[in-house]
Amino acid sequence: MQYLLMIYTNEVEYEKRDAATAEKTTAEYQAFTQSIIQSGNFKGADRLRPTSTATTVRVRDGKVLTTDGPFAETREQLGGYYLIEANDLDTAIGIAARIPSARDGSVEVRPIWVYN
């Protein structure tokens, strides 16, 4: 089964990191990514640009409405994701717990409906 692991962090705090911490985090992400590639769980992943670059789209009464930024004001923002293959939810949770940002943010694990 495929799962989307959505990584939420506080953008403001994330950008305040010193260079050494940023390098350490990057190395941890690279090691994590390589480990799930080697285990066969990896399907895809990307980091998202900051929420300041986002546009929210709604259609109301047939009219397209756009708003700069994300839909909700929250303390944590969606910063990236991994698409993985895992045998079950417990396996997916175990993989999500190894994502470096899980230590100071959160990772939402959601099953994917795969359309054939």
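The model is predicted. Start with the whole chain. Its C-alpha atoms fill a box of roughly 50 × 45 × 20 Å along the principal axes. The protein chain has three helices and six strands. Follow the sequence and these elements come in the pattern β-α-α-β-β-β-β-α-β. The protein chain has 116 residues, and 27% of them count as buried.

Now ask how the chain comes together. Take the contacts between residues with a separation of 6 or more: 77% of them join residues 24 or more positions apart. Y81 sits in β5. D46 is 35 residues away from Y81 along the chain, but their C-alpha atoms are separated by 5.8 Å. Y81 also has other partners beyond four places in sequence. Its contacts there are L4, L5, M6, I7, G44, A45 and D46. Look up the strand ranges and these names fall into place: β1 covers 2-9 and β2 covers 42-47.

Q77 has a relative accessible area of 15%, so it is buried. The cut-off for buried is under 20%. What does Q77 touch? Beyond four places in sequence, its contacts are I7, Y8, T9, N10, E11 and T51.

Next, turn to helix α3, residues 89-97. Three of its residues, A92, I95 and A96, are buried. Where do they point? They cover an arc of only 100 degrees around the axis, so they lie on the same side of α3. The other face looks outward. Turned away from the buried side, it carries the exposed residues D90 and A97.

Strand β4 shows a contrasting setting. V64 lies in this strand, which runs over residues 63-68. V64 counts as exposed because its relative accessibility is 59%. The cut-off for exposed is over 50%. Setting aside neighbours within four places in sequence, V64 is in contact with V57, R58 and V59. D61 is in the loop between β3, residues 55-60, and β4. With a relative accessibility of 80%, D61 therefore counts as exposed. Check the backbone here as well. D61 is not a glycine, although its phi is positive, about 50 degrees.

How much space lies in the largest pocket? About 530 Å³. A total of 24 residues line the largest pocket, and Y14, Y29, R47, L48 and G79 are the closest to its centre. Several elements give two or more residues to this lining: β1 (2-9), α1 (11-15), α2 (19-39), β2 (42-47) and β5 (77-85). Which element gives the largest share to the lining of the largest pocket? It is α2, with six residues. Sort the lining of the largest pocket by class and you find 10 nonpolar, eight polar and six charged residues.

The second largest pocket has a volume of about 240 Å³. Its lining has 13 residues, and those closest to its centre are Y14, R17, T25, S101 and D104. Find Y14 in both lists: it is among the residues closest to the centre of the largest pocket, and also among those closest to the centre of the second largest pocket. Helices α1 and α2 each supply at least two residues to the lining of the second largest pocket. Again α2 gives the most, here with three residues. What classes make up this lining? The residues of the second largest pocket divide into two nonpolar, five polar and six charged.

Technical notes
Residues numbered from 1 in each chain as written. Predicted model: local features only at pLDDT ≥ 70, side-chain atom pairs only at ≥ 80, totals over all residues. Heavy atoms only, no water. 1 Å grid on protein atoms, 1.4 Å probe; cavity = no way out; pocket = protein on both sides within 12 Å on 5 of 7 lines; lining within 4 Å. Points joined across faces, edges and corners; volume = space filled by probe spheres on them. Helix = DSSP H or I, 4+ residues; strand = E, 2+ residues; numbered from the N terminus. Nonpolar A, V, L, I, M, F, W, Y, C, P; charged D, E, K, R; others polar. Buried < 20%, exposed > 50% of the residue type's maximum accessible area, 1.4 Å probe, protein only. Contact = heavy atoms within 4.5 Å. Arc of directions from axis to C-beta.
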